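The points are meant for a reader who has not seen it before.

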Amino acid sequence: QVHLAESGGGLVQPGGSLRLSCAASGRTNNFGRMGWFRQPSGKEREPVAYIWWDDDSTYYSDSAEGRFTISKDKAKNEMYLQMNSLKPEDTAVYFCAALMIGYTQFDYWGQGTQVTVSS
């Protein structure tokens, strides 16, 4: 089994920054990829960024490219999302997720952390 726990959300003014963290436990040696997703109120969940567990490959959505940075610390089994130049449209519940080696979809999810960008 895998357990994921997000932290670091909160209220920030437009233009501000936040750093989200995701702590993983369980079968982390089988991680193929980890990712951040977000779900604005009343909308569908969407991908934000992915990071491959065994190398430094990353993926960013168009909305995240250039403003957000995904990173990981394998020794700590943690993943991070540094979010800069935040906009009101970044307001959402942010989830971390894990995709296991040999699988094609993210099967493990955290409970989510609220990010609100507002003045």
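1. Seven aromatic pairs turn up in a search of the whole structure; rings of Phe, Tyr and Trp (its six-membered ring) pair if their centres lie within 6.5 Å, with planes under 30 degrees apart counted as stacked, over 60 as edge-to-face and the rest as tilted. This is a predicted model, in which local features need pLDDT of at least 70 and side-chain atom pairs count only at pLDDT 80 or more, while totals for chains, interfaces and linings use all residues. Residues are numbered from 1 along each chain as its sequence is written, and side-chain values use heavy atoms, leaving out hydrogens and water.

2. Phenylalanine 31 and tryptophan 53 have ring centres 5.3 Å apart and planes at 75 degrees, so this pair is edge-to-face. Both phenylalanine 31 and tryptophan 53 are buried (under 20% relative accessible area, with exposed over 50% and partly exposed in between; 1.4 Å probe, protein chains only).

3. For phenylalanine 37 and phenylalanine 106 the ring centres are 5.1 Å apart and the planes at 75 degrees, so that pair is edge-to-face. Phenylalanine 37 and phenylalanine 106 are buried. Ring pairs also join Phe37, Tyr50, Tyr59, Phe106 and Trp109 in a cluster.

4. The charged end of arginine 19 is placed over the ring of tyrosine 80, 4.1 Å from its centre (NZ of Lys or CZ of Arg within 6 Å of the ring centre and within 35 degrees of the ring normal).
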